[in-house]
Amino acid sequence: MKSDIYFEQVRASGRVFSFLGLLLGVTGGSVTGVAVKGLIGDPLVTGGNAVVFYIAFSASSLITFFVMLNYLMMSLQVSKDALEIKFGMKSETIGRGRIVGVRVAETKSRMSRAMSQGGRRPSKMWTVLGVGSGIELDISSSRDGARSGKTRTWFVSSREPGKLCEKLELLIATSSDSPQ
């Protein structure tokens, strides 16, 4: 049984949800409206144009729906043994012995973080659309602990990076005090 130390549900802002919802409504509604019009009366588009229209608008609707399911919410759970990240269809569990360091990251957009020239560049970014704040984790690539192996830096979005950082520092301290 896991003993939770910290849990956070990181969600995109209401503006992002609204924009993507509107986009989904417009594209899905357009496809449905044109299809219904074609069934009960004279079609608005025919032939090759109809194929292109239906493919383009259906793909746009599916892509928007996929983005809404996979990039707008992430859950972070710190237990006494690990940090668990669940983000859409992806998840990762990082054992306490693998976390070497943690710090509150500078608040900036995903694009500027990925393109930054100076300082550390994250090798993996767990980012929620519209959330620029978060933490940087230094993770040992070896499974047997932080003492051996290469260290990678990850960025993890958080609305409360100070609290998350504090809980992970506690996790790191307990991993160095006791064996895994």
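Predicted model: local features only at pLDDT ≥ 70, side-chain atom pairs only at ≥ 80, totals over all residues.
Residues are numbered from 1 along each chain as its sequence is written, and side-chain values use heavy atoms, with hydrogens and water left out.

The chain contains four helices and eight strands, where helices (H or I, at least four residues) and strands (E, at least two) are DSSP runs numbered from the N terminus. Their order from the N terminus is β-α-α-β-β-β-β-α-β-β-β-α. Of the 180 residues, 37% count as buried, that is, under 20% relative accessible area with a 1.4 Å probe and protein chains only (exposed is over 50%, partly exposed in between). Contact denotes heavy atoms within 4.5 Å. Among contacts with a separation of 6 or more, 68% are between residues 24 or more positions apart.

The largest nonpolar core comprises 29 residues, and Met74, Leu137 and Leu168 have the most contacts inside it. Such a core is a set of buried Ala, Val, Leu, Ile, Met, Phe, Trp, Tyr and Cys residues joined through side-chain atoms within 4.5 Å. At least two core residues come from each of several elements, including S1, helix H1 (14-40), strand S2 (73-79) and helix H4 (161-177). H4 provides the largest share, five residues. Beyond its neighbours within four places in sequence, Met74 touches residues that include Glu8, Val10, Phe87, Trp126 and Val156.

Glu8 belongs to strand S1 (residues 4-11). Glu8 is buried yet has no salt bridge, and the nearest side chain of opposite charge, Arg159, is 6.4 Å away. Lys and Arg count as positive and Asp and Glu as negative, while His and the chain ends are not counted; a salt bridge requires a side-chain nitrogen of Lys or Arg within 4 Å of a carboxyl oxygen of Asp or Glu.

Helix H2 (residues 47-70) has 24 residues and spans 35 Å from its first C-alpha to its last, close to the 34 Å expected at 1.5 Å a residue, the expected span being 1.5 Å times one less than the number of residues. Its buried residues, among them Phe53 and Met68, pack against H1 and S3.
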